[in-house]
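Here is a friendly tour of one protein model, meant to be read with the sequence and coordinates at hand.

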Amino acid sequence: MAGVTGKRHSTTTAVALVCACAAAVLAAPGTAFASPAEPTPPSNGSLEKVRKEIERLYREAGTATDAYNAAEEKAEKQSEEIVRLARSIDKGQTKLDRLKARAGAAARAQYRGGGVPDEARLLLSDNPSRFLDGAGRLRQGQHATKAMLTEMSRTQADLKTYAKDASAQWRKLESNRKAKAEAKKKVKKKIAAAEKLESRLEKKERERLRKLEEEAALRQQSAWVDTGILKDAKGEATSPGKKAIAFATAQIGKPYVWGAEGPKSYDCSGLTSQAWAAAGKGIPRTSQEQWKRLPRVDVKNMRPGDLIIYHKDASHVGLYVGDGAIVHAPRPGRSVTLAGAGSMEILGVVRPDK
């Protein structure tokens, strides 16, 4: 793999791998991701309709999966914030208890000292000089008491703020838990519908269905390559980019499982986020957040290690490995694999290490 060994595989190799023909490797360095020969049109129109319907259901499941992952990520952050606020409340309460104890001690001392006016105490004192010295210390004590009471008031206000923030975070946490549960229900429903549709097919029809999927992807890849887009995409992977590629390609063959982020299975953004985590760069968990928050680059300027975001709703992502190919986790029922970078509708490209 280009980012792993320093030698870039030809795109023909990537296409061969996508088609599960790993033995047919063409060792032609520098060769562009070649346009395939014109595939044979589907002989069964009804099977093509089934393919499109299955594709639609898995696309919708992908969108719901992203919503699930986003809700999960938010819930984790809110849980962490609630824990932080709880610690702040505990520390604040300990501090307030300590201040109250000091204030109580000061009040008792003042009570024991009596309420005789300073002027009278001066007249009655056997040693006026010692009294004046004591009065100075008393004023210092009064200032300290005032500062202590101010600190108590501020601590009480902080505790109210912490409690209010914790309540707000708890409400958000509950809201995201509900959103997560709803998204999970939707994902399962879409996946179940797609699996049911596919399960009705005979073994030969399922094999033909996979072939139709490959042909559709290759047609789209051919059209993309024919635009000449790869002529300008000559960037080299950075050191972190090579590490991300090495991690992602090492996962090839592991199954897609929605919501999974390794080590035994992945969904699309679980794979890309873990690949870049392995490279020492934390990035958002979901493809939609990756699209929103990572720096964008033109497709013609992409380099190995970049992430390609797919579909108008940013519901899919793959890691670009060079030569017009990506490694990605496609959908339920499929495994992490190499594919043509242009085999799906490209929304844009983002760069984790820009």
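## A serine in a loop

Serine 265 touches Pro255, Val257 and Ala260, leaving aside residues up to four places away in sequence. As you look at these contacts, keep in mind that this is a predicted model. Serine 265 sits in the loop that links helix H7 (239-250) and H8.

Is serine 265 buried or exposed? Its relative accessibility is 15%, and buried means under 20%, so serine 265 counts as buried.

## The protein as a whole

Stepping back, the protein has nine helices and six strands. It holds 354 residues, and 41% of them are buried. The accessible surface comes to about 19,700 Å², with 54% of that area belonging to carbon and sulfur atoms.

Contacts between residues at least 6 apart in sequence tell us about the fold too: 69% of them join residues at least 24 apart.

## The sheet and its helix

The six strands make an open sheet, and its order is S1-S6-S2-S3-S4-S5, with antiparallel pairing. Strand S1 (296-297) and strand S5 (337-340) are the edge strands, each pairing on one side only. Strand S4 (residues 325-328) runs antiparallel to S5 and is joined to S5 by four bridges. For a closer look, find isoleucine 326: its bridge partner in S5 is alanine 339.

Which helix packs on the sheet? Helix H8 (residues 268-278) does, touching strand S2 (307-310), strand S3 (316-322) and S4. The direction of H8 makes about 45° with that of S3.

## Nonpolar cores

The largest nonpolar core has 42 residues, and the members that touch the most others are Trp276, Leu307, Leu319, Val321 and Val327. At least two residues of this core come from each of helix H3 (45-113), helix H5 (128-199), helix H6 (203-225), H7, H8, S2, S3 and S4. H3 gives the most, with eight residues. Why does this core lie between domain 1 (44-198) and domain 2 (205-350)? Both domains give residues to the core, so it lies between them.

Neighbours within four places in sequence aside, valine 327 contacts Ala248, Thr249, Ile252, Leu271, Gly318, Leu319, Val321, Val336, Thr337 and Leu338.

Notes. Residues numbered from 1 in each chain as written. Predicted model: local features only at pLDDT ≥ 70, side-chain atom pairs only at ≥ 80, totals over all residues. Heavy atoms only, no water. Pairing = 2+ DSSP bridges. Contact = heavy atoms within 4.5 Å. Axes fitted to C-alpha atoms, helices over the stretch in contact; angles between N-to-C directions. Buried < 20%, exposed > 50% of the residue type's maximum accessible area, 1.4 Å probe, protein only. Core = buried A, V, L, I, M, F, W, Y, C linked by side-chain atoms within 4.5 Å. Domains from an automatic or database assignment. Areas by Shrake-Rupley, 256 points an atom, 1.4 Å probe, with all protein chains shown as cover.
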